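Biologist: I have a protein open on my screen and want to understand how it is put together. Can we go through it by question and answer?

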Amino acid sequence: MGNIDNIPTPDMLDASCRVAFAALAHDLGKFAERAALRNDRLDAHVTLYCKWHERGGYHSHRHAAFTGLFMDEVEKSAPDLIRAETFPFAGRRDADRDITDSIINAAAMHHRPQTLLQWMIATADRLASGFEREEFDEYNDGDDTKPNETTGRNHYQARQLALFEQVRLEAQAPLRFDWRYLLKPLAPENLFPVKRDGYEPAENEPAQQEYKELWDGFLAALRNIPASHRKSWPLWLDHFDTLWQSYTQAIPSATAFGVRPEVSLYDHSKATAAFATALWRWHIAQDGLSGEDAVRRHETRADWGDEKFLLVQGDFFGIQDFIFSDDAETNKNAAKLLRGRSFMVSLFTELAALRVLEALELPSTSQIVNAAGKFLIVAPNTDDARERLQAVRGELNGWFLRHAFGQAGLGLAVKAASCNDFLAEKFAGLMTALFEDLEREKLTRFDLAATEAPHAVFNVAYPHGVCKYNNHLPADESGSAALSRDQIKIGESVASKDRLLVVRDDAELRANSVTVLETTVFGYRIGFTHDEDETGRFGELAASGRLPRCWDFSLPENLSDTLWHGYARRYINAYVPHFTRQDQQVGGKYQGIDGDDDENIQVGAPKTFGHIACEDRRLEKTADGVEKWVGQVALSTLKGDVDNLGQIFQKGLGRKSTFAKMAALSRQMNAFFAVWLPAFCKEKYPDVYTVFAGGDDFFMVGPWHRTQQLAADMAERFKAYVTENPEIHFSAGLVMTKPKHPVHALAERAEEALDAAKGYESGGRKAKNSVCLYNEVVPWKDWQQLAALEKEARRCATVYNLSTGYIYGLLQLVALAGRDTPESVMWHSRFAYRTRRYVVDKLDKDKRDAAQIELTKVFGENIGKLKGRFRIPLFNYFYSKR
């Protein structure tokens, strides 16, 4: 391996990329074969390959033959797989090696491996599935052209099951398989499963046509990877990984014999790639282990108890303190700072993972999980790898102490594992140990308890005072800290740019007018660009290895927009509300907000919190016919997360959980918040700002009333996303504030509201699955009733011209009804008196009796039934009129 302080050794990193690519594409043939691609040459080859197997030769499965044949299609847009350097595989330049050990054959021979390289991928394939030996033998001998035992469909017709449907925590209900994923490219709306009935085809022809359309789209999309990036294996493979995800995330990996088609081709092949790379790197680090001996060990599983793997977990801690640090002299740039800090958490996590990958000279495919400030990397368990990880840990600790003064950091937890640990019956124990290791790492931040903690105390001078945006940081001559200025710069860039460049030297970026951060992060310089023309200028950087990553972080145009744009994608951006032409035409709505008037509004510019707070105001005519804007100028802060997440991952899938299933469940959970939610806001709630959303949690700021509606819509859509499984749900807290309220106070109050929602009890146990608003906790199942009552309250107020004084009096009666005291029953008589008094004084005689009856039904009966919860519709009406 190369020196940790320098660029990774190209030979080793490129070789690892080739191994990863062969493993990632090992089931390419399943994709091609199910698309019913046919021609005379193809049929001849498939027939020949299968006959060779009958004589003890090559391919035992048709899809394996298709993998070998259709790698030719991928090769046209990939780095040279044959004529250029192909180590560790055989290439045409290797006259002394058997060409059967080529990268293409290594990918295709996983069902009948012969060489060590082929066995690496074959073993990784088995590990990703968690197969015991007998299970694999039965699967390997299975015929996937026959109907599957679970679905009754063959390999053409079977569509992917939903893992969410199978999660069980407490309920003992039998498993059902009623939901399927659409066989379409990755797009926000395509993430949702649909009911099997009416979708899953029962005939081969329409089933194959769906695959054919997907295959044609895949090949066309493959050509969108910049040709210049083929000269850099790590960069190209990162792009291909995103492409592969975009087109195979809904293809079932296994459909043969009794295997449920529940894991996607993407998740299975990604896990296979990670295992294969680590296995190969472990084997080449062993002295005295011959190729023949290694093959025998793989074939007999003689060394499956050896700890060949290191599972490296990263965890960004102090996220809340980092994002919501609000000890500032000024509220200027508050929105930019907030979105900049939020983006920084995801960016720093990605860069820390990249730093680990480059230190270990591993490709991006070795990173299995990256969501909500956490990542998981599969590495080889070698002495050299452990030494390098220890050096990276010190490097990360030092960086965060120098630049963030311990307000935040990123811990690394490392656990050794054997092949046996990934078998289905044992994997649950490994998952529990991983969770425990990560919790232990959080309690030993920065290694400050070590006997020699070099960074425990800093001698820090503040000759220029403290940063005006964060008084924990020292200012320089400009009055602020570079980290704060970068946060503002990011806040501006993520609202207007689409791509992020990670480079080792920023000279060429600055020469091309790219927005570059001041701070060097873990040895990388970061630049933001906008469009293809601007991004495409850096082909020479890519070819030289000075552009290790180029990420697309753009939001989709709409919910049906596919997410592949020719570059590796990271789902780390948030939706930011922007001014539209319509906003320019609503005169007076923003008058006096943040010093603006309507004439100063610029179409396309991001809205400030002050402007967002105005979006629930509306024009209303007064009694004398004059129009005026009414309603509170206020924000709602929405914070929530999935309930019982740890249990879902540790025991939700029972004893048959596998590494690929864990990765799939993590990816799918993250996708709801990181992929679908920002796109949903952009299309349906364009004035709600996603501060962060990913993993299993979210934090959003929007107009006070519209954000409530968004929260309810999210709960309903999440219910559909998880196949209406009653054991998977989220809780949320909502708080209403003025737009000038300090950001850290917003976060604290939203956290308190979320805690209250999590504490909701039903049937003597914590049921969670609730929302807290106005200090009232409501289970989501009852929310629609309150929303309907709000409409009824508005209708009654309009029909009977109810005054705000009458509504305010109802709020007092709600408070009285909710007391646990003898006088609480007095609300009945007071309500009857106030209502009769109002209808007599304010309404014509012929309307009084009907009004008395209806107001008693809408307001009186619900005060008695709902007690404090009735505050929610009443407050909402009250604030809409003030």
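Biologist: What share of the 882 residues of the protein count as buried?
Modeller: This is a predicted model, and every value here is computed from it. Buried means under 20% relative accessible area. Of the 882 residues, the share that counts as buried is 60%.

Biologist: How many helices and strands does the secondary structure come to?
Modeller: Both kinds of element are present. The count is 31 helices and 21 strands.

Biologist: Among contacts between residues at least 6 apart in sequence, what share join residues at least 24 apart?
Modeller: Take the contacts between residues at least 6 apart in sequence. Then keep those that join residues at least 24 apart. Their share is 71%.

Biologist: Which residues is Phe21 in contact with, leaving aside its neighbours within four places in sequence?
Modeller: Phe21 is among the residues with the most contacts inside the largest core. With the sequence neighbours within four places left aside, its contacts are Met71, Val74, Leu81, Ile103, Trp233, Trp236, Leu237 and Phe240.

Biologist: Is Gly491 buried or exposed?
Modeller: Gly491 is found in helix α17, residues 482-493. Its relative accessible area is 0%. The cut-off is under 20%, so Gly491 is buried.

Biologist: How far apart in space are Gly491 and Arg339, C-alpha to C-alpha?
Modeller: In sequence they are 152 residues apart. Leaving aside neighbours within four places, Gly491 is in contact with Lys336, Arg339 and Gly340. From C-alpha to C-alpha, Gly491 and Arg339 are apart by 5.3 Å.

Biologist: Is Ala372 buried, partly exposed or exposed?
Modeller: Ala372 lies in the loop between β4 (367-371) and β5 (374-380). Its phi is near 55 degrees, a positive value in a residue other than glycine. Its relative accessibility is 34%, so Ala372 counts as partly exposed.

Biologist: And Tyr774: buried or exposed?
Modeller: Tyr774 sits in the loop between β20 (770-773) and β21 (776-779). It has a positive phi of about 55 degrees although it is not a glycine. Its relative accessibility is 14%, so Tyr774 counts as buried.

Biologist: Is the peptide bond from Phe87 to Pro88 cis or trans?
Modeller: Pro88 is in the loop between α4 (62-75) and α5 (103-108). Omega for the bond is near 10 degrees. The bond from Phe87 to Pro88 is cis.

Biologist: Which residue in β9 is the bridge partner of Thr515?
Modeller: An open sheet of five strands runs in the order β8-β9-β7-β10-β11, with mixed pairing. Its edge strands are β8 (515-516) and β11 (568-569). β8 pairs with β9 in the antiparallel sense over two bridges. In β9, the partner of Thr515 is Phe528.

Biologist: How much space lies in the largest cavity?
Modeller: The structure holds six cavities of 30 Å³ or more. The lining of the largest divides into eight nonpolar, two polar and two charged residues; Phe553, Arg569 and Val675 are among them. The space in the largest cavity is about 80 Å³.

Notes: Residues are numbered from 1 along each chain as its sequence is written. This is a predicted model: local features need pLDDT of at least 70, side-chain atom pairs count only at pLDDT 80 or more; totals for chains, interfaces and linings use all residues. Side-chain values use heavy atoms; hydrogens and water are left out. A nonpolar core is a set of buried Ala, Val, Leu, Ile, Met, Phe, Trp, Tyr and Cys residues joined through side-chain atoms within 4.5 Å. Buried means under 20% relative accessible area, exposed over 50%, partly exposed in between (1.4 Å probe, protein chains only). Contact means heavy atoms within 4.5 Å. Helices (H or I, at least four residues) and strands (E, at least two) are DSSP runs, numbered from the N terminus. On a 1 Å grid over the protein atoms alone, a cavity is a set of points where a 1.4 Å probe fits but cannot get out, and a pocket is an open set with protein on both sides within 12 Å along at least five of seven lines; lining residues have an atom within 4 Å of a point. Grid points are joined across faces, edges and corners, and a volume is the space filled by probe spheres set on the points. Ala, Val, Leu, Ile, Met, Phe, Trp, Tyr, Cys and Pro count as nonpolar, Asp, Glu, Lys and Arg as charged, and the others, Gly among them, as polar. Two strands pair if DSSP finds at least two bridges between them.
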